[in-house]
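The structure goes here first.

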Amino acid sequence: MEHIPDLRRLRAFHEVARSGSLVMAATTLRISQPAMTYLINQLEADLGIKLVVRGTTGTALTGTGSIFAKRAERCLEKISEAVESLLADGTSTRRRQAIVSKMSGTQYRAILALWHEGDSMAASRSLDVSQQSLLRPVRELEKLLATKLVRPLGGRVIFTEAGHEFARHLVLAGQEIGSALEEIGRGPTGQRNLRIGALVLSPRLILAEALDEALRFAPRQTVEIVEGSYEELVVRLRNGSIDVIFGALRAPPPFADLAEMPLQKDPYIVVCRRGHPLAPLKRIKAKDLSKCDFIFPTEGLRREVLDALVQRWKLSPPSQIYSNWLPTVVAMVRSSDRLAVLSRWHIESDESADLQALDGLPVPHEPRYVGLTSRASWLPTPFQQHFMDVLTQVVQARAA
């Protein structure tokens with residue numbers, strides 16, 4: 001679970017970093033200078049790092065303090081976004097800021113535990129407290145926000161829809177602190193420094209080559225790769241459990257809080273085995289396809305493309321096999337005269353030696369690009385940015 005410093009200490013440090021003065025920060029937060037000094041000292045002790053240096057002309061940030069200040073500001077901004085996700089339009093900025101300033105670390109940690117564990121019983125076990133102790137700060141937060149965050153379900157308590165969205169923002173806020181600790185070399189052991197969601201038809205050799213190169217000079221970094229459908233991976237991306245999605249872009253993405261980075265055009269093609277009767281034809285006609293069976297995807301963009309192709313050519317294929325599992329699709333095409341819709345990069349970059357494109361059969365669909373999808377507000381760590389730079393170079397080299 002995310003390491004979240006005490007919010008009062010975090011706000012105190014943010015004000016010091018912003019103003020460059022303990023005195024001015026104390027005045028802004030309406031606390032005494034000794035109290036401000038105490039909060040900063042406690043934050044430094046909690047993190048095990050030196051954040052500020054006090055001098056006769058003011059308070060300066062250390063090198064690690066500058067890194068942490070950038071992430072602390074982003075963390076507090078995302079906490080504000082979490083509050084805004086619950087408030088009605090027209091709520092004053094002053095009212096939003098007042099709510100954020102009253103949120104406590106105990107309330108934050110209770111929400112995160114509920115998010116990660118799924119319900120109050122599991123969350124209370126993870127924190128080694130009673131359900132009553134877990135839910136008390138959540139109820140206090142509900143009163144502060146004037147919104148129901150949780151609801152009962154069979155002896156347990158789970159998030160309401162509004163509570164789920166609120167918690168999602170808080171999770172992303174907490175990850176800013178995790179990124180800060182990673183950047184200054186204080187990240188927890190076993191932490192994944194880069195988490196990639198790979199779509200089914202993403203060019204794996206491109207990804208592997210980029211990761212090999214990126215990790216060559218960063219042997220202590222760790223990468224996790226998970227596979228799934230676009231719909232599954234988008235949920236994980238917006239929840240913060242992965243950092244980027246590698247594969248076909250949707251242009252535009254389905255949510256306004258997502259951003260896409262195109263890398264290379266990657267059109268869909270119809271593929272067959274080498275030696276297929278249709279392979280030598282430079283121009284394929286409807287009668288040539290009349291007896292061919294296609295392997296149909298069960299759902300998704302490839303299914304839409306294949307359905308459009310069948311409709312355009314007025315085909316009635318036998319349709320014996322439906323599968324979204326790529327190894328099965330490739331195996332069936334290799335071992336028969338069946339056809340399938342795949343990506344050109346899958347044929348060329350992943351070196352499927354037994355398959356080839358039917359270039360005489362155009363596939364009707366909008367221009368398709370492979371690239372990276374991330375959260376629009378995501379700020380990569382230096383290693384994450386290095387990976388993206390290397391991936392871009394690998395793509396450009398192969399395209400050339």
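Predicted model: local features only at pLDDT ≥ 70, side-chain atom pairs only at ≥ 80, totals over all residues.

Residues are numbered from 1 along each chain as its sequence is written, and side-chain values use heavy atoms, with hydrogens and water left out.

I looked up the largest pocket and found about 790 Å³ of space in it. (A pocket is an open set of points on a 1 Å grid over the protein atoms alone where a 1.4 Å probe fits, with protein on both sides within 12 Å along at least five of seven lines; lining residues have an atom within 4 Å of a point. The volume is the space filled by probe spheres set on the points, which are joined across faces, edges and corners.)

I read off 23 lining residues, with Arg 11, Glu 15, Leu 29, Gln 97 and Ser 101 nearest the centre. Helix 1 (7-19), helix 2 (22-29), helix 4 (63-84) and helix 5 (93-102) each give two or more residues to this lining. (Helices are DSSP runs of H or I, at least four residues, and strands are runs of E, at least two, numbered from the N terminus.) The largest share, eight residues, comes from helix 5.

I found three strands in an open sheet, in the order 12-9-13, with antiparallel pairing. (Two strands pair if DSSP finds at least two bridges between them.) Strand 12 (340-343) and strand 13 (355-357) each have a single partner strand, so one side of each has no neighbour in the sheet. I counted three bridges between strand 9 (residues 268-273) and strand 13. Cys 272 stands opposite Gln 356 in strand 13.
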